[in-house]
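Here are my notes on the model you sent. Please keep the viewer open as you go through the points.

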Amino acid sequence: MILEGAQREIDFWSMKASLGLVGRSGNTDQIDLNTAVRIRRVSPRSRWEIKYNANYGKVSGTLLTDNHNLSSVWDMLVKAGFFVTPAAVNLFVDKFQNINLRTTVAAGAGYAIMRGGDVDWSANLGVGYVQTRYASVQALQDDTEGTFSLIPATNLDWDLTGDIELLFDYNVQLALPEPRNSYHHASATISFDIWGDILNLDASLTWDRAESPKARADGSVPKRDDFRSTIGFGIDLE
C-alpha cells in the first residue's frame, strides 16, 4: 500500500514482529525457533520495506534447521498505481541447502492491482544480479557463481475480516540464460488479532525451491524443495 494524504512522519511507519518457540525435553530434546520482522515506511509517493525471517531447529543436540532471509525494497509511485523499484536487495543463508550466502541486487517496476480498503495487491518485474557462495563444493569446482536473473513477484495483504489478515508473497529468480539455476520463494501467513490490533497469533507456511541444488563436497545433493510451517505470537505497531 502507498498512502495518500498522510502528513506526520510517524504516520508513515509501521512494524510487525513475531516469535515462535517450541521446546521439548525427555527422551528427545528439541527446540524450534522462528523469528519474523517487517518494518515499513509508506508515504504518499514512496514505500520502503525491510523484512527478516530466521528459522533455527535442533533435535538431541543436532542442528537440523538454520536459515536467514533478509530483504530491503524501495518503491516509488509514478502514476495511477504504477511504481518503479530503484533498488531491491536480498540476502539468503541456508547451509542445509548448501548456500553459504546468496546475494541478489535488483531494480524494476510494478503495478498496484488493488490498493486501499481491505485488499492491497501488487505485481512487479525486476532484473537483477544473483551471486551464490556455496557452503561446500566438489573438487575442482568454483564455490561462487553469479548470474543475471529476471525476477517476477507478487505481494498480497488482505484483511479477510476485522480480526483476520492474510499476507502472501511470491517471487522467482529466473536465471539468464540458464533457467535451471533458478530459485523460488513463497510465504503465506494468516494473522489473528487476539488483543486488539496489537497482539496477534500468526500461522505461516514457507516454500523455498532451488531448481538445481549444488552438490556438496561429499557428493550429496540437497533436496530441491524446503517447506516450513510455523506458529507464534506477533506484535503489530502502526
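1. What pLDDT does the protein average, and how many of the residues score at least 70? The average is 90, and 95% of the residues reach at least 70. Here pLDDT is the predictor's confidence in each residue, from 0 to 100. Residues 1–6 have a pLDDT below 50. That stretch still has 22 contacts in the model beyond near neighbours in sequence; contact means heavy atoms within 4.5 Å.

2. Some ground rules. This is a predicted model, in which local features need pLDDT of at least 70, side-chain atom pairs count only at pLDDT 80 or more, and totals for chains, interfaces and linings use all residues. Residues are numbered from 1 along each chain as its sequence is written, and side-chain values use heavy atoms, with hydrogens and water left out.

3. Overall fold. The protein has 12 strands and zero helices. Both are DSSP runs numbered from the N terminus: helices are H or I with at least four residues, strands are E with at least two. From the N terminus the order is β-β-β-β-β-β-β-β-β-β-β-β. The radius of gyration is 19 Å, close to the 18 Å that the globule rule gives for 238 residues, so the protein is as compact as a globular protein of that length. The radius is taken over C-alpha atoms, and the rule is 2.2 Å times the number of residues to the power 0.38. Along the principal axes, the C-alpha atoms fill a box of roughly 60 × 50 × 25 Å.

4. Of the 238 residues, 35% are buried. Buried means under 20% relative accessible area, exposed over 50%, and partly exposed in between (1.4 Å probe, protein chains only). The accessible surface comes to about 13300 Å², and carbon and sulfur atoms hold 61% of that. The areas come from the Shrake-Rupley method with a 1.4 Å probe; for residues, only the protein chains shown count as cover. There are 22 positive and 30 negative side chains, with the centres of the two sets 5 Å apart. Lys and Arg count as positive, Asp and Glu as negative; His and the chain ends are not counted. Each charge is placed at NZ of Lys, CZ of Arg, CG of Asp or CD of Glu.

5. Take the contacts between residues at least 6 apart in sequence. Of these, 49% join residues at least 24 apart.

6. Backbone points to check. Most residues other than glycine have a negative phi, and most peptide bonds are trans. The bond from Leu176 to Pro177 is cis, with omega near 5°. Pro177 sits in the loop between strand 9 (164–176) and strand 10. Ala80 has a positive phi of about 50°, and Asn98 one of about 65°. Ala80 is in the loop between strand 4 (62–79) and strand 5 (82–94); Asn98 is in the loop between strand 5 and strand 6 (99–114). Are these two buried or exposed? Ala80 is exposed, at 57% relative accessibility. Asn98 is buried, at 1%.

7. Ser187 belongs to strand 10 (residues 183–195). Its relative accessible area is 17%, so Ser187 is buried. Beyond four places in sequence, Ser187 contacts Leu167, Phe168, Asp169, Leu205 and Thr206. Ala210 belongs to strand 11 (residues 199–210). Ala210 is buried because its relative accessible area is 7%. With neighbours within four places left aside, Ala210 contacts Ser182, Tyr183 and Arg224.

8. Loop residues. Asp118 lies between strand 6 and strand 7 (119–134). Outside four places in sequence, Asp118 touches Asp157, Trp158 and Asp159. Asp197 is in the loop between strand 10 and strand 11; at 57% relative accessibility, Asp197 is exposed. Ser212 is in the loop between strand 11 and strand 12 (225–237). Ser212 is partly exposed, at 30%. Not counting residues up to four places away, Ser212 touches Arg180 and Asn181.
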